[in-house]
Every structure is written in C-alpha cells, then in structure tokens.
Amino acid sequence: MNQQDLGAVVREIINANMYMVLGTADESGAPWVSPVYYAAMGYREFYWVSSPEVRHSRNVAERSGISIVIFNSQSVIGTGQGVYMSAVAKQLTGSDLDRGIEIFSRTSLGHGGHEWKREDVQEPALYRLYRAIVSEHWVLDPAGRPDHRTLVTI
C-alpha cells in the first residue's frame, strides 16, 4: 500500500470509532492506559472530557507526552487494524476551551449524546476538557509482518 492508501486507513478507523485508549505516564514513568470517548478534528486533534482527579488526567498534568490507539475491538481475530499515535496533551482553558467545547459538543450530539457547555468543564463541575495534538500516526504493516508499524503521513 502507498501512503495515500494508508492515510485512508487512518481516516477510516478514526471516523468509524468513538473511543480511544490513552497511554500516559506519571512523573516517575509508570505507565497507565485509559479508554475515553473522543471527538476528532482533522485527524490531528483529539478532545475528551475527564475528571482532573483521575490517574490519566493527573499524568497529563505531570507529563504531557502521550500515546493513543484507536481500533475496532470487534474485528475477526487476525484481521484487526488500529491507528497508533504520538501526541502532546493538555487541559484546555481560555479560547482553546471555547473552540474545543464546540467541537466536543457537536460530536457528542452527532453520536446521540448530550450538548456540552463551557460550564460543564470548569469549576465547580466534575469534568475538564482535554486536547491531544498528534505528531505521528502509524498503522500495522499491510504486508502482514507481526506487529510492525508503518509511519503514515496524513
């Protein structure tokens, strides 16, 4: 497959799913993974809502570099494909929060969820809005080599 075809695989997987797995680490490097509902913008920006008190949110506050995986867990054994990403994440404030909550709310409504507003993700509310900006995307090697990831240009 060429880069254009691999890019189509990345876009298809991101468009077809609603949950991603965040890979975070605390300040000592101890890893933690968490599934979260996401809203994507342009295949490089991913938004999610979480409590700032949960482990992955505390990890993002300490160490902004994260990894993300999106995959279809219902695939037949041996046929699954996923998108693996490196990103930098942060809790949003100011104008970033305004833009992000609009994107997240629109996606939530499109999936049958509820509308999100700024006050839903600011004190004293339980949740905050986070964004990851992706620097690299990979997919599994289409030639079938076991767990060999291929860098994809989007």
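1. Start with Asp 98, which is found in helix H3, residues 94-110. This is a predicted model. Asp 98 is partly exposed, at a relative accessible area of 39%. Buried would require a value under 20%, and exposed a value over 50%. In sequence, Asp 98 and Lys 117 are 19 residues apart. In space, their C-alpha atoms are 8.8 Å apart.

2. Which residue forms a salt bridge with Asp 98? The partner is Arg 118, with the closest N and O atoms 2.5 Å apart. Arg 118 sits in the loop between H3 and S7, while Asp 98 belongs to helix H3, so the pair ties together parts that are 20 residues apart in sequence. Arg 118 counts as partly exposed, at 26% relative accessibility. Asp 98 is also classed as partly exposed, at 39%.

3. The structure holds five salt bridges. One of them joins the side chains of Asp 96 and Arg 131, at 3.8 Å from N to O. Asp 96 is partly exposed, with a relative accessible area of 28%. Arg 131 is buried, with a relative accessible area of 10%.

4. Helix H3 also holds a local pair. The side chains of Arg 106 and Glu 102 meet in a salt bridge, 2.7 Å from N to O. Why are they separated by about one helical turn? Because Arg 106 and Glu 102 are four residues apart in helix H3. Arg 106 is partly exposed, with a relative accessible area of 44%. Glu 102 counts as partly exposed too, at 41% relative accessibility. Elsewhere, salt bridges that share partners join Lys 90, Asp 96 and Arg 131 into one network.

5. Now helix H1, residues 3-16. Its 14 residues, at 1.5 Å a residue, should span 20 Å. The end C-alpha atoms of H1 are 20 Å apart, which agrees.

6. Which residues of H1 are buried? They are Leu 6, Gly 7, Val 9, Val 10, Ile 13 and Ile 14. Viewed down the axis of H1, the buried residues fall within an arc of 155 degrees, so they line one face of the helix. On the other side of H1, Gln 4, Glu 12, Asn 15 and Ala 16 are exposed.

7. What covers the buried residues of H1? The cover includes strand S3 (39-41), strand S4 (45-50) and strand S5 (65-71). It also includes strand S6 (82-91), strand S7 (128-140) and strand S8 (149-152).

8. Two backbone features deserve a look. A cis peptide bond joins Glu 123 and Pro 124, with omega about 10 degrees. Pro 124 lies in the loop between H3 and S7. Arg 118 is placed in the loop between H3 and S7 as well.

9. The other backbone feature is at Tyr 43. Its phi is positive, about 65 degrees, although Tyr 43 is not a glycine. Where does Tyr 43 lie? Tyr 43 is in the loop between S3 and S4.

Terms used
Residues numbered from 1 in each chain as written. Predicted model: local features only at pLDDT ≥ 70, side-chain atom pairs only at ≥ 80, totals over all residues. Heavy atoms only, no water. Helix = DSSP H or I, 4+ residues; strand = E, 2+ residues; numbered from the N terminus. Expected span 1.5 Å × (residues − 1). Buried < 20%, exposed > 50% of the residue type's maximum accessible area, 1.4 Å probe, protein only. Arc of directions from axis to C-beta. Contact = heavy atoms within 4.5 Å. Salt bridge = Lys/Arg side-chain N within 4 Å of Asp/Glu carboxyl O.
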